[in-house]
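Have a look at the picture first, then go through the points below.

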Amino acid sequence: QVQLTESGGRLVQAGGSLRLSCAISGRSIEYWDMGWFRQGPGKDREFVAVITWSGGRTTYSDSVKGRFVIARDDGRNILYLQMNNLKPEDTAMYYCNGPIGSDYQPLGSWGQGTQVTVSS
């Protein structure tokens, strides 16, 4: 059974940076597109970023483009999200998922998430 464990979230001031990690156990992610999603207070879960399994091509939502960077370490089975220039609207529970299907649909199970809170 695949398990995902997110970590790295905390309270940070606007303009600050964080790096989130997602450790995956149960199978290799080597051939999976992997992604990050988030759910803000009172909002639906939304797509943040995806990285392909081959060549590491990345795609970002417009709200984070230019500020966030998704990366992967297939040898360690870990997914990362580097978050820079954080804004209060980035406050959310962040989740990783994989594999990712067409239209950035998450096809795997969900972990517990990691809370990011950005103060103004």
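1. How many bridges pair β9 with strand β10, and in which sense do the two strands run? There are 3 bridges, and the pairing of β9 with β10 (residues 114-119) is antiparallel. One spot to look for is Tyr 94, whose bridge partner in β10 is Thr 114. Bear in mind throughout that this is a predicted model.

2. β9 also pairs with strand β4. Here 5 bridges join β4 (residues 34-39) to β9, and the two run antiparallel. To see where they line up, find Phe 37: its bridge partner in β9 is Tyr 95.

3. Is β9 enclosed or open to the outside? Of its 6 residues, 5 are buried, so the strand is largely enclosed by the rest of the structure.

4. Now for the disulfide. The structure holds 1 of them, formed by Cys 22 and Cys 96, with the sulfur atoms 1.8 Å apart. Cys 22 sits in strand β3 (residues 18-25) and Cys 96 in β9 (residues 92-97), so the pair links distant parts of the chain, 74 residues apart. The torsion about the S-S bond is about 45°, which means that this disulfide is right-handed.

5. Are the two cysteines buried or exposed? Cys 22 has a relative accessibility of 0% and therefore counts as buried. Cys 96 is buried as well, with a relative accessible area of 0%.

6. Go back to β4 and pick out Arg 38, which lies in that strand. Its relative accessible area is 4%, and because anything under 20% counts as buried, Arg 38 does too. What does its side chain touch through polar contacts? One partner is the side chain of Glu 46, at 2.6 Å; another is the side chain of Ser 63, at 3.3 Å.

7. Leaving aside neighbours within four places in sequence, its contacts include Asp 44, Arg 45, Val 48, Val 64 and Phe 68. Also among them are Glu 89, Asp 90, Ala 92, Met 93 and Tyr 94.

8. Next, the open sheet. It has 4 strands in the order β1-β3-β8-β7, with antiparallel pairing. Which strands are at the edges? They are β1 (3-7) and β7 (68-73), each of which pairs on one side only. On average, neighbouring strands of this sheet are turned by 15° against each other, direction ignored.

9. Within that sheet, take a look at β7 and β8 (residues 78-83). The two pair in the antiparallel sense over 6 bridges.

10. Last, the inside. The largest nonpolar core has 26 residues, and those with the most contacts inside it are Trp 36, Leu 79, Leu 81, Met 83 and Tyr 94.

Note on methods
Residues numbered from 1 in each chain as written. Predicted model: local features only at pLDDT ≥ 70, side-chain atom pairs only at ≥ 80, totals over all residues. Heavy atoms only, no water. Pairing = 2+ DSSP bridges. Axes fitted to C-alpha atoms, helices over the stretch in contact; angles between N-to-C directions. Disulfide = S-S within 2.5 Å. Buried < 20%, exposed > 50% of the residue type's maximum accessible area, 1.4 Å probe, protein only. Polar contact = N/O pair within 3.5 Å; in protein donor to acceptor, adjacent residues only side chain to side chain. Contact = heavy atoms within 4.5 Å. Core = buried A, V, L, I, M, F, W, Y, C linked by side-chain atoms within 4.5 Å.
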